[in-house]
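Here is a friendly note to read with the structure open beside you. Take the points in order and find each residue as you go.

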Amino acid sequence: MSSTGAPAHPTADDAVADGLGAVDRPTVSFELFPPRNPDAAPRLWSTVQQLAAARPDFVSVTYGASGSTRQTTRALVRRLLRETSLSPIAHLTCVGTSREDLTRTVEEFLDEGVRSFLALRGDPPADESWRPHPEGLPTASALVALLREIERRRCATSPAQAVRAASRPLSVAVAAFPRGNAGSGSTREQDIAALLAKQEAGADFAITQVFYDVDSYCELVALARDAGVVIPIIPGIIPMTDPARLRRVQQLTGVEVPAQVLDVLDAFDPEDPVDVGRRHRAGTRLGVDLANAVLDGGAPGVHLYTFNTPGPALDLLEGAGLGGDAPSAHSRVTAAPLDDPTPVPTS
């Protein structure tokens, strides 16, 4: 941050004259998840339209444990491709799935026109420990390699596909963990070794799990670079406006929410509409400060876990000077359900 409190990094407004491809414009991206209830689809589409005003570089679409949202993920990605100018990244996981089934799923996405994937080992179903499918893939790096193998085969057998691949190369993202993967018990060093393996398998960039302090991100990047990781590492940030949401994410991921963050948010009365608005602004300030800190520390952009709720994410971007054409969302503060899937990538 500058001495005046304004972001020291280039903002979206700084880059407007040069367009979205301006070299110094930080990337902006969001995570969405397919609605479990079909009745929620119209609300999700309203969210998509509001987030699109921020001119994101891409949006990622989650994929439930053991492929539980395979069809709804595919339907949402298809609609994003057909009805918006957004660039969707489809999540893929190895859990409970054979290599043959994974290949079939990848082919389906590619046939729909998907050119970007987030390759994850994935979380096991509830109350079950991780174990690879007997005919499946054991790691995210193996999934990255499979994606590259499928793409090479398609290009070798189809001149048309080879042309498409030349004009729109396949992009593969992976996960990174600022303090190690608490869910699997891995250390930061083990995760960095896994990240290097993903890079060697063909990964193009990484997105981090949630974290709450700039040192977690900057130390991860420094250690990864020392280990030979050269791909960009995008910080994954959760808007810090809802303490119940943060506690739920802590349960799901094992990433502890700092006491000082919860102390700030818990100081407001959740039954008082005025206090709820104040809490939203205080939490937005926490998120803005974190986003500015990682960008000033060299992060290529920010990836926001939205929980399909646009207001907190858009306010965070606006505060960091990255909001594009999106309007302020302070008047749209809404409570979101707590039973949606974890927003963070796994392995």
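1. Let's begin with confidence. pLDDT is the predictor's confidence in each residue, on a scale from 0 to 100. You need that term here since this is a predicted model. The protein chain averages a pLDDT of 84, and 80% of the residues score at least 70.

2. Now look at the stretch to handle with care. Over residues 328–346, pLDDT stays under 50. The model still has 56 contacts beyond four places in sequence for residues 328–346. Where pLDDT is low, the predicted coordinates should not be read in detail.

3. Next, the overall build. The protein chain contains 12 helices and 9 strands. It has 347 residues, and 51% of them count as buried. Its accessible surface comes to about 15000 Å², with 52% of that belonging to carbon and sulfur atoms.

4. Which residues have the most contacts inside the largest nonpolar core? They are F30, F117, L195, I233, I237 and V302, in a core of 85 residues. In soluble globular proteins, nonpolar side chains tend to be buried together.

5. Then come the aromatic rings. A search of the whole structure finds 3 aromatic pairs. One of them joins F109 and F117: the ring centres are 5.9 Å apart and the planes meet at 75 degrees, so this pair is edge-to-face. Both F109 and F117 are buried. Another aromatic pair, F211 and Y217, is stacked, with 6.0 Å from centre to centre and 20 degrees between the planes. Are these two residues buried or exposed? F211 is buried, with a relative accessible area of 3%, and Y217 is buried with a relative accessible area of 3% as well.

6. R79 lies over the face of W45, at 3.8 Å from the ring centre. In a second example, R245 lies over the face of F307, at 4.0 Å from the ring centre.

7. Stay with F307 for a moment, as its backbone deserves a look. Most residues other than glycine have a negative phi. What is the phi of F307 near? It is near 55 degrees, a positive value in a residue other than glycine. F307 is found in the loop between strand 9 (301–305) and helix 12 (310–319). Its relative accessible area is 10%, and because buried means under 20%, F307 counts as buried.

8. R55 is another residue to check. Phi of R55 is near 55 degrees, again a positive value in a residue other than glycine. Its place is in the loop between helix 2 (41–52) and strand 2 (58–61). With a relative accessible area of 18%, R55 is buried.

9. Finally, turn to E108, which lies in helix 4 (residues 99–112). E108 is buried, with a relative accessible area of 18%. How many residues apart along the chain are E108 and R74? They are 34 residues apart, and their C-alpha atoms are separated by 8.4 Å.

Technical notes: Residues numbered from 1 in each chain as written. Heavy atoms only, no water. Core = buried A, V, L, I, M, F, W, Y, C linked by side-chain atoms within 4.5 Å. Buried < 20%, exposed > 50% of the residue type's maximum accessible area, 1.4 Å probe, protein only. Phe/Tyr/Trp six-rings, centres within 6.5 Å; stacked < 30°, edge-to-face > 60°. Lys NZ or Arg CZ within 6 Å of the ring centre and 35° of its normal. Helix = DSSP H or I, 4+ residues; strand = E, 2+ residues; numbered from the N terminus. Areas by Shrake-Rupley, 256 points an atom, 1.4 Å probe, with all protein chains shown as cover. Contact = heavy atoms within 4.5 Å.
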